[in-house]
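Please open the model in your viewer and keep the selection panel at hand.

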Amino acid sequence: MPLNLRLTAQVAEALLDAVPEGALLVGADNQVVAVNQQLVELARLQDVDTSPGTPVGALAKAVAKQLPAGSTSLRQLNRRQFPRTAEVRFLDGRVLRTNRRPIDVAGERVGVLWLAEDITEQRRREHDLRRHVRTLGELARERSEFTARASHELRTPLATILSFCELLAAPSGDPLSAAQATYLATIRRNAQRMQEMVDGLLHAATTAGTRPEATYARVDMARLLGRLTGELQPRAQAAGIFLVHAHEPGPPAFADRSQLENALAALLDNAVKFTPPGGTVTVSAHPYDEPDGAGWEISVADTGIGIPKEFQEEVFTEFVRAPNARRGAYPGTGLGLSAVRDTVRMHDGHIALHGGEGDGTAVVLRLPTGRPAPAGHG
């Protein structure tokens, strides 16, 4: 028995009016059972007869006039082969998503319920998002290419400067006066700093979007930190900075020695670089054993210029530097903390910043001693 004979038109209309989408109920005889006001407005059917008993073809023709030539035929509104879900694009630019829901009783098709919603704004936002993503991708590619090109161009003159510094220095060159030796040391130190910056930029350009291949092995954390602070001692002393270190013995950690060493060296370098003469850099490390696992807690604290609290998240982003670092003309690329964070995450660890502008900075790492989970795990 057709649906339009089982339900009165009044009941069907009341049901469809409660549906938020546009709705059309068609009986098995291809006649309209009920249409709600939402569909009348969405499909521009104000001047079309939508009363119960009207052939559904009349509605289909009225809608088809609003569609571009070649659009999917709407003459099969009640046929099984019509897509269950489809998007209908109108000549005025609107896009409606239709959903066909057959109504079967005891294996017999008694009607079809059609739902429609306006997704024009959603599609517009998706289109804008794809366009912005393409634009950002192009900008990132151009930035990467420029960085790599500029880095390569700078490496040659820097290498030449450093080579001539070696030729001028004893024992290769003639004896230098105290003032000349100071000048030469200044040239060498700044050229080396620039070379480090260039190497960092080049590394960022060539490894953008990739995760470095890690080689894990047992690492004696206390011994590693002891060596790094020992190597930093002459530089800290020359800068008039007190370097304090306290490394407790503890279990070895599974880590990529090279990448971890680079990350820790970068933290130590930052601490000395941003601390004025007379300041203090304190490096400490101790093992911890908690219910959720064992590991090492490493702290690098300084009494330097500090990082404004509102920038303590942003400074982990590539090429972002705190405004007080830029104002103070401290050299840097904004890559150091980003690389440290990536290395810590690669080891399933955590990194945190403490302090504020003018109060110094303490960077605290917590690194598990166990073997890190494989990339993409969990």
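Begin by selecting Glu-87, which counts as partly exposed because its relative accessibility is 40% (buried means under 20% relative accessible area, exposed over 50%, partly exposed in between, with a 1.4 Å probe and protein chains only). The model is a predicted one, in which local features need pLDDT of at least 70 and side-chain atom pairs count only at pLDDT 80 or more, while totals for chains, interfaces and linings use all residues. Residues are numbered from 1 along each chain as its sequence is written, and side-chain values use heavy atoms, with hydrogens and water left out.

Helices (H or I, at least four residues) and strands (E, at least two) are DSSP runs, numbered from the N terminus. The structure holds 16 salt bridges.

Remain on helix 5 and select Glu-121 with Arg-124. These two form a salt bridge whose closest N and O atoms are 2.3 Å apart. About one helical turn separates Glu-121 from Arg-124, because they are three residues apart in helix 5. Glu-121 is partly exposed, at a relative accessible area of 38%, and Arg-124 is partly exposed at 40%.

Now move to strand 9 (residues 280-290) and strand 10 (residues 293-302), which pair in the antiparallel sense over ten bridges (two strands pair if DSSP finds at least two bridges between them). The two strands form a hairpin with two residues between them. Select Glu-290 to find its bridge partner in strand 10, Gly-293.

Which residue forms a salt bridge with Arg-366? The partner is Glu-297, and the closest N and O atoms are 2.5 Å apart. This pair also links distant parts of the chain, with Arg-366 in strand 12 and Glu-297 in strand 10, 69 residues apart. Arg-366 counts as partly exposed at 22% relative accessibility, and Glu-297 counts as partly exposed at 22%.

Finally, select Glu-121, Arg-124, Arg-125, Asp-128 and Arg-131, which salt bridges with shared partners join into one network.

Definitions and conventions. A salt bridge is a side-chain nitrogen of Lys or Arg within 4 Å of a carboxyl oxygen of Asp or Glu.
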